[in-house]
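Q: Could we go through this model together? I would like to begin with the ligand and then turn to the charged pairs and the surface.

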Amino acid sequence: MKNNIEAFMDLVKQRNGNEPEFLQAVEEVAETVIPYIVEHDIYYGKNILLRMVEPERVISFRVCWVDDEGEIQVNRGYRIQMNSAIGPYKGGLRFHPTVNQSILKFLAFEQVFKNSLTTLPMGGGKGGSDFDPKGKSDNEIMRFCHAFMGELFRHIGANTDIPAGDIGVGAREIGFLFGMYKKLRNEFTGVLTGKGLSWGGSLIRPEATGYGTVYFAQNMLEVKGDSFEGKEVVISGSGNVAQYAAEKSLQLGAKVLTLSDSSGYIYDEEGIDADKLKFVMHLKNEKRGRISEYIDQYPKAKFVKGETPWRVKCDIALPCATQNELNEEDAKTLVDNGCICVSEGANMPSTMEAVHVFHDAKILFAPGKASNAGGVATSGLEMTQNSLRYKWTRSEVDNKLKEIMSDIHQSCIEYGTEEDGYIDYVKGANIAGFVKVADAMLAQGIV
Ligand code: NDP
């Protein structure tokens, strides 16, 4: 089996040698899916995984815009259309200076499995730009978004490819992107999700990824007869996913100890309660400030510069910032400190070595492609509402989200339960996601 995986990875490395994040995401899937393929004749010998790791289309383009000083700026834009076997491409746009083809291919590849797990008809894609929104004025953001859509519009559509937000792309950016798409195409369609409520957005979409991450953790804990009640929770990030993961943890009776951003983390021993979280939301979403400003408001809390929060003792860890933010050493520290559950809100926040530590310790561990699928699932619900020209209530969408997270959890149990009863959620999510896409690809022939 090891030879099969190594031979496959050698081939993928030859073609994508300079794309470390993409190779990491592929290897994690190959480790669990190749043994499954070998045992199942319908998939064996058809190069099905090799077909899946090759994007159907990679689009890269120039984005020129003018900053507030009148200087011409040049950025690079991308859209990776990874797999459309089960539906139109769907996945977010990331604006961050670290964005490159490797990162977007890893995200698009993960998205294929994630979208398959949601049970909704969505293929996988991802896009973005190396544009850095930090410190830019609203006008600069608008000019950039308009310039970006000036090229992207010809590659997307409500039945072709439906982007959404991700790091650096929130409600403000989606608004500017949608405005330019509408102008260029002269049509009002659900081509983007995460839209404002008055122009086609869905209730619960802003909350969905964070809430879903916590619902998934809740499902895992229930298997052990446990819950969030009274638990201490450590969260990284302070953006969209982290904020709503914190909100739902509080609603379920847990105590939230940390939040972070790329400059460091804050640790509030007394707990970040609902009022303090409201302050953080205003600070990050309206003022666009830094998490360190939390201690100006709440001086009893600590700000730890340049570090991640994994050394803080906790019962539950929710990594909600970015890829590879939790390494082997961090994982060992979490386990040694008694952490019983890790649910990934971000995409691939734990390194492969960290995941192995969690598995060896047999703690509950949910990979992002399962636990953060609530965001794209609710985007799928937004698309349905747009097609129906109808709007569901908050509780209708929230109930559907809960149901989807519970279904994903069940799929993981179906494909990931080991002989000793331990649930390997990575294996479960990878195989469950793979089966649906592979079956569709086989049915559609070699295209
Ligand atoms: P936001 O832009 O709203 O927030 C991102 C947060 O992560 C910020 O606190 C940011 O800090 C921090 N961060 C970003 N890059 C780094 C870095 N290199 N090191 C440390 N901290 C960093 O993004 P989201 O909350 O939307 O996304 C967070 C994660 O969740 C990403 O992995 C994304 O792919 C994933 N995700 C998001 C979904 C969604 O619906 N939004 C859906 C599914 C997954 P700073 O401000 O300093 O940059």
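This is a predicted model: local features need pLDDT of at least 70, side-chain atom pairs count only at pLDDT 80 or more; totals for chains, interfaces and linings use all residues.

Q: How many residues surround the ligand, and which are the closest?
A: The ligand is surrounded by 25 residues. The closest are D166, T209, S262, R290 and N347.

Q: What classes of residue make up that shell?
A: The shell around the ligand contains 13 polar, 7 charged and 5 nonpolar residues.

Q: Which side chain has an N or O atom 2.8 Å from an oxygen atom of the ligand?
A: That side chain belongs to N347, a residue also listed among the closest to the ligand. For V241, a polar backbone atom is 3.0 Å from an oxygen atom of the ligand.

Q: How much of the ligand's area does the protein bury?
A: The protein buries 83% of the 890 Å² that the ligand exposes when taken alone.

Q: Which elements give two or more residues to the shell?
A: They are helix α7 (205-223), helix α8 (240-251) and strand β7 (255-261).

Q: Changing topic: how many salt bridges does the structure hold?
A: There are 25 salt bridges in the structure. One of them joins E28 and K369, whose closest N and O atoms are 2.7 Å apart.

Q: Where do those two residues sit in the chain?
A: E28 belongs to helix α2 (residues 20-39) and K369 to helix α13 (residues 368-371).

Q: Is E28 buried or exposed?
A: E28 counts as buried because its relative accessibility is 13%, which is under the 20% limit for that class. K369 is buried as well, with a relative accessible area of 1%.

Q: What about K255 and E232?
A: Their side chains meet in a salt bridge with an N to O distance of 3.9 Å. This pair also links distant parts of the chain: K255 lies in strand β7 and E232 in strand β6 (residues 232-236), 23 residues apart. K255 is partly exposed at 30% relative accessible area, and E232 is partly exposed at 28%.

Q: Why does I72 count as exposed?
A: I72 counts as exposed because its relative accessible area is 63%, and the class begins over 50%.

Q: Last one: is F178 buried or exposed?
A: F178, in helix α6 (residues 171-185), is buried at 3% relative accessibility. Its C-alpha atom is separated by 18 Å from that of T384, a residue 206 positions away along the chain.

Conventions:
Residues are numbered from 1 along each chain as its sequence is written. Side-chain values use heavy atoms; hydrogens and water are left out. Buried means under 20% relative accessible area, exposed over 50%, partly exposed in between (1.4 Å probe, protein chains only). A residue is near a molecule or strand if one of its heavy atoms lies within 4 Å of it. A polar contact is a pair of N or O atoms within 3.5 Å; within protein, one must be able to donate a hydrogen and the other to accept it, and residues adjacent in sequence count only if both atoms are side-chain atoms. Accessible areas come from the Shrake-Rupley method with a 1.4 Å probe; for residues, only the protein chains shown count as cover. Helices (H or I, at least four residues) and strands (E, at least two) are DSSP runs, numbered from the N terminus. Ala, Val, Leu, Ile, Met, Phe, Trp, Tyr, Cys and Pro count as nonpolar, Asp, Glu, Lys and Arg as charged, and the others, Gly among them, as polar. A salt bridge is a side-chain nitrogen of Lys or Arg within 4 Å of a carboxyl oxygen of Asp or Glu.
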